[in-house]
Amino acid sequence: MNQPATRHWLLIIEGDVEPFIVGPLDEPDLLVRAREHRANDPSADDGLYALSLDAAGNLRIDAFASAALEPNG
């Protein structure tokens, strides 16, 4: 079975202290899952990040823009 060229996870830092990951996910699902999490975190205390690992082993972490996490963002 072939692995996709890049794999993606949602990195959640609960209360900006405790990290955990969700995934792997398809890239379009990252924003969906981040929005779902933010909807259940009205205080917005949790940090949400997109974690990606490409086939060459390069790791990338990107922050979500707060406007992108809005339900109609």
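Q: Is His 8 buried or exposed?
A: His 8 counts as buried, at 8% relative accessibility. Buried means under 20% relative accessible area, exposed over 50%, and partly exposed in between, with a 1.4 Å probe and protein chains only.

Q: What sort of model is this?
A: This is a predicted model, in which local features need pLDDT of at least 70 and side-chain atom pairs count only at pLDDT 80 or more, while totals for chains, interfaces and linings use all residues. Residues are numbered from 1 along each chain as its sequence is written, and side-chain values use heavy atoms, with hydrogens and water left out.

Q: Back to His 8. Where does it lie?
A: His 8 lies in strand S1. Strands (E, at least two residues) and helices (H or I, at least four) are DSSP runs, numbered from the N terminus.

Q: And which side chain does His 8 pair with in a polar contact?
A: That of Ser 52, at 2.9 Å. A polar contact is a pair of N or O atoms within 3.5 Å; within protein, one must be able to donate a hydrogen and the other to accept it, and residues adjacent in sequence count only if both atoms are side-chain atoms.

Q: What else is His 8 in contact with, beyond four places in sequence?
A: Besides Ser 52, His 8 is in contact with Pro 24, Leu 25, Glu 27, Leu 30 and Leu 51. Contact means heavy atoms within 4.5 Å.

Q: Now the partner. Where is Ser 52, and is Ser 52 buried or exposed?
A: Ser 52 lies in strand S3 and is buried, with a relative accessible area of 13%. Leaving aside neighbours within four places in sequence, Ser 52 is in contact with Thr 6, Arg 7, His 8, Asn 58, Leu 59 and Arg 60.

Q: How far is His 8 from Arg 60?
A: Their C-alpha atoms are separated by 9.5 Å, and the two are 52 residues apart along the chain.

Q: Zooming out, what is the order of elements?
A: The pattern along the sequence is β-β-α-β-β, from 1 helix and 4 strands.

Q: How many residues are in the largest nonpolar core?
A: The core has 10 residues: Leu 10, Ile 12, Val 22, Leu 25, Leu 30, Ala 34, Leu 48, Ala 50, Phe 64 and Leu 69. A nonpolar core is a set of buried Ala, Val, Leu, Ile, Met, Phe, Trp, Tyr and Cys residues joined through side-chain atoms within 4.5 Å. In soluble globular proteins, nonpolar side chains tend to be buried together.

Q: What does Phe 64 contact, leaving aside neighbours within four places?
A: Phe 64 is in contact with Leu 10, Leu 30, Leu 31, Ala 34, Leu 48, Tyr 49, Ala 50 and Leu 69.

Q: And where is Leu 69?
A: Leu 69 is in the segment after strand S4 (59-63), and is buried at 8% relative accessible area. Not counting residues up to four places away, Leu 69 touches Leu 31, Ala 34, Arg 35, Arg 38, Leu 48 and Phe 64.

Q: Backbone next. Which peptide bond is cis?
A: The bond from Gly 23 to Pro 24, with omega near 15°; Pro 24 is in strand S2. Most residues other than glycine have a negative phi, and most peptide bonds are trans.

Q: What is the phi of Asp 16, and of Ala 44?
A: Asp 16 has a positive phi of about 55°, and the phi of Ala 44 is positive too, near 55°. Asp 16 is in the loop between S1 and S2 and counts as exposed at 52% relative accessibility. Ala 44 is in the loop between H1 and S3 and is partly exposed at 42%.

Q: Last one: what share of the residues is buried?
A: Of the 73 residues, 29% count as buried.
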